[in-house]
Amino acid sequence: PNVPTLPPPRPQPPTGTACLGSWSGSLVENTGSRGSMNLTVSSTRGTCARWTEAWGSGTNCVYILTNCSPTPSGVRGTGVTFTSRCTGPVNATISCVGDRASFRESVRGTNVVDIGQLSRR
């Protein structure tokens with residue numbers, strides 16, 4: 001019998017679509033430091049997000065999210081920075097519901113955790 005073959009499934013982008021777009025909000029570290037952040041999530045393979053952390057100390061850190069893997073509500077991966085005086089690599093998770101996003105970043109090998117509460121720009 002001649003059975004038609006289906007085309008192979010198209011690969012899905014590596015991000016949960018709930019988080020696609022631009023976000024901004026506040027950032028708090030468990031050491032007490034406070035700052036703000038801007039985040040952009042895209043569906044590009046490899047690098048699926050980019051964010052900037054602006055700390056009250058005057059330090060600005062730019063990160064890209066690599067090794068992206070989808071989660072039920074967003075995406076997680078490894079945050080890498082090439083900015084001096086900024087820590088990397090970090091484990092980062094972005095979760096989104098509607099117009100709200102939560103961001104969590106933990107510095108490997110330490111107990112330093114940053115939590116961000118963001119809204120769509």
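## A buried cysteine and its partner

Cysteine 86 counts as buried at 14% relative accessibility, where buried means under 20% relative accessible area with a 1.4 Å probe and protein chains only. This is a predicted model, in which local features need pLDDT of at least 70, side-chain atom pairs count only at pLDDT 80 or more, and totals for chains, interfaces and linings use all residues. Residues are numbered from 1 along each chain as its sequence is written, and side-chain values use heavy atoms, leaving out hydrogens and water.

The partner of cysteine 86 is cysteine 61, with an S to S distance of 2.0 Å. Their S-S torsion is about -85 degrees, so this disulfide is left-handed. Cysteine 61 is buried too, with a relative accessible area of 4%.

## The other disulfides

How many disulfides does a search of the whole structure find? There are three, each a pair of cysteine sulfur atoms within 2.5 Å. Cysteine 19 is joined to cysteine 96 (S to S 2.0 Å); the torsion about their S-S bond is about 110 degrees, so the link is right-handed.

Cysteine 48 bonds to cysteine 68, with the sulfur atoms 2.1 Å apart, and this link is left-handed at -100 degrees. Counting the bonded cysteines in sequence order gives the pairing 1-6, 2-4, 3-5.

Technical notes
Buried < 20%, exposed > 50% of the residue type's maximum accessible area, 1.4 Å probe, protein only.
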